[in-house]
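Keep the model open as you read.

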Amino acid sequence: QIKSDYFMLINELRNPGSSSKGKILTLYTARPVSDHDFYANTKHLPINVFLTNSASHAEGLAVDLPGAERELWKVKIDSKYLTQTLDGPIKYYQVVTDKAPVVSISLY
């Protein structure tokens, strides 16, 4: 809860009023194949999941990250559940609320 409150405070300081209104973003995340069943059946994302606005960038991360083989997921989620951690042509976001509801999620 402390992490969630911290990130919500950061978002509010960056964009006053953003915690009450957001917009639906289409983002991508590379998740371990071992978590396939969870992501195939979920209606929410856990706190701290990282996402990006670039499918090709997420795919590159999936290949570069050490450890388990990864799958690429396309996620539609309200920005009020995220904090932006990198700005530029490629944007990174992090889920800041545990069990953040998704509009949709599908294997990409």
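In which strand is His 44 found? His 44 lies in strand β2; strands (E, at least two residues) and helices (H or I, at least four) are DSSP runs, numbered from the N terminus. This is a predicted model, in which local features need pLDDT of at least 70, side-chain atom pairs count only at pLDDT 80 or more, and totals for chains, interfaces and linings use all residues. Residues are numbered from 1 along each chain as its sequence is written, and side-chain values use heavy atoms, with hydrogens and water left out.

Confidence comes next. pLDDT is the predictor's confidence in each residue, from 0 to 100. The chain averages 88, and 90% of the residues score at least 70. Where pLDDT is low, the predicted coordinates should not be read in detail.

Return to His 44. Its relative accessibility is 25%, so His 44 counts as partly exposed (buried is under 20% relative accessible area, exposed over 50%, partly exposed in between; 1.4 Å probe, protein chains only). The C-alpha atoms of His 44 and Ala 100 are separated by 5.0 Å, though the two residues are 56 apart along the chain. Beyond neighbours within four places in sequence, His 44 is in contact (heavy atoms within 4.5 Å) with Phe 38, Lys 99, Ala 100, Pro 101 and Val 102.

Now the core. A nonpolar core is a set of buried Ala, Val, Leu, Ile, Met, Phe, Trp, Tyr and Cys residues joined through side-chain atoms within 4.5 Å. The largest one has 16 residues, and Leu 45, Leu 51, Ile 77 and Leu 82 have the most contacts inside it. β1, β4, β6 (92–95) and β7 (100–107) each supply at least two residues of this core. Neighbours within four places aside, the contacts of Leu 51 include Leu 27, Leu 45, Val 75, Leu 82 and Lys 91.

Finish with charge. The structure holds one salt bridge (a side-chain nitrogen of Lys or Arg within 4 Å of a carboxyl oxygen of Asp or Glu). Lys 91 and Asp 87 form it, at 3.1 Å, N to O. Lys 91 is partly exposed at 23% relative accessibility, whereas Asp 87 is exposed at 60%.
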